[in-house]
Amino acid sequence: SAPGDIHQQSLTGISEKLKAILDQVLSKISLPVQKAKDMINQARSQIAGAMAGLDPVRDASAIDKLNQMMAKLDAVEARLGQVYKLLADKVDVLVGTVDKLIAKLSASGNPLMLIVVYEFSEVRTVLADFSAQLALL
């Protein structure tokens, strides 16, 4: 095989490998996130059920405590969302860096850079997809 083939083989497949790694990361974090959300929703449901049976005047103190518990659940859920947004933001910064690299390589005028530009474009797509999936957590 020609030397150019070796270089092309070393470049191709990077995005597929990156996607496989990021898919593993996503699967490892999405299950615990879903479990946490389910637990929060279950707790909310139990609190709402407990509140439904209380008298607003006679049980005002208990209702207040249950509302405080509900607020804590909201805070936990919001914090969970912030953590994944922070991670997605970091991935977005990486996407921006890849965009700059693609622009620089594209502007080089070197036809051999087209393969590299293509591969980095694929990597960029994988990273952007990963960021979008994080935002859905």
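How are α2 and α3 oriented to each other, roughly parallel or roughly antiparallel? In this predicted model, α2 and α3 are roughly antiparallel to each other, as the following legends set out.

**Figure 1. Packing of helices α2 and α3.** The two helices, α2 (residues 14–52) and α3 (residues 60–107), pack at an angle of about 165°, and their axes lie 10 Å apart. Because angles over 145 degrees count as roughly antiparallel, this pair is placed in that class. The crossing of α2 past α3 is left-handed.

**Figure 2. Residues at the contact of α2 with α3.** From α2, the contributing residues include Ile29, Val33, Ala36, Ile40 and Ile47. Among the residues that they and their neighbours meet in α3 are Ile63, Leu66, Met70, Leu73, Leu80 and Leu87. By class, the contact comprises 18 nonpolar residues, one polar residue and three charged residues. Arg44 of α2 and both Asp74 and Glu77 of α3 also belong to this contact.

**Figure 3. The salt bridge between Glu77 and Arg44.** The closest N and O atoms of Glu77 and Arg44 are 2.8 Å apart, and the two residues form a salt bridge. Glu77 lies in α3 and Arg44 in α2, so the pair ties together parts that are 33 residues apart in sequence. Arg44 counts as buried, with 17% relative accessibility, whereas Glu77 is partly exposed at a relative accessible area of 29%.

**Figure 4. The salt bridge between Asp89 and Lys85 within helix α3.** The side chains of Asp89 and Lys85 meet in a salt bridge, with an N to O distance of 3.1 Å. Both residues lie in α3, where a separation of four residues corresponds to about one turn of the helix. Asp89 is partly exposed, its relative accessible area being 35%.

**Figure 5. The salt bridge between Asp99 and Arg124.** A salt bridge joins Asp99 to Arg124, with 2.5 Å between the closest N and O atoms. Asp99 belongs to α3 and Arg124 to α4 (residues 113–135), so the pair ties together parts that are 25 residues apart in sequence. Asp99 is partly exposed, at 30% relative accessibility, and Arg124 is likewise partly exposed, with a relative accessible area of 28%.

Figure 6. Across the whole structure, a search finds five salt bridges. Side chains of opposite charge can pair when their charged atoms come close.

Conventions. Residues are numbered from 1 along each chain as its sequence is written. This is a predicted model: local features need pLDDT of at least 70, side-chain atom pairs count only at pLDDT 80 or more; totals for chains, interfaces and linings use all residues. Side-chain values use heavy atoms; hydrogens and water are left out. A salt bridge is a side-chain nitrogen of Lys or Arg within 4 Å of a carboxyl oxygen of Asp or Glu. Buried means under 20% relative accessible area, exposed over 50%, partly exposed in between (1.4 Å probe, protein chains only). Axes are lines fitted to C-alpha atoms, for helices over the stretch in contact, and angles run from 0 to 180 degrees between N-to-C directions. Angles under 35 degrees count as roughly parallel, over 145 as roughly antiparallel, 65 to 115 as roughly perpendicular and the rest as oblique. A crossing is left-handed if the near helix is turned anticlockwise from the far one by less than a right angle, and right-handed if clockwise. Contact means heavy atoms within 4.5 Å. Ala, Val, Leu, Ile, Met, Phe, Trp, Tyr, Cys and Pro count as nonpolar, Asp, Glu, Lys and Arg as charged, and the others, Gly among them, as polar.
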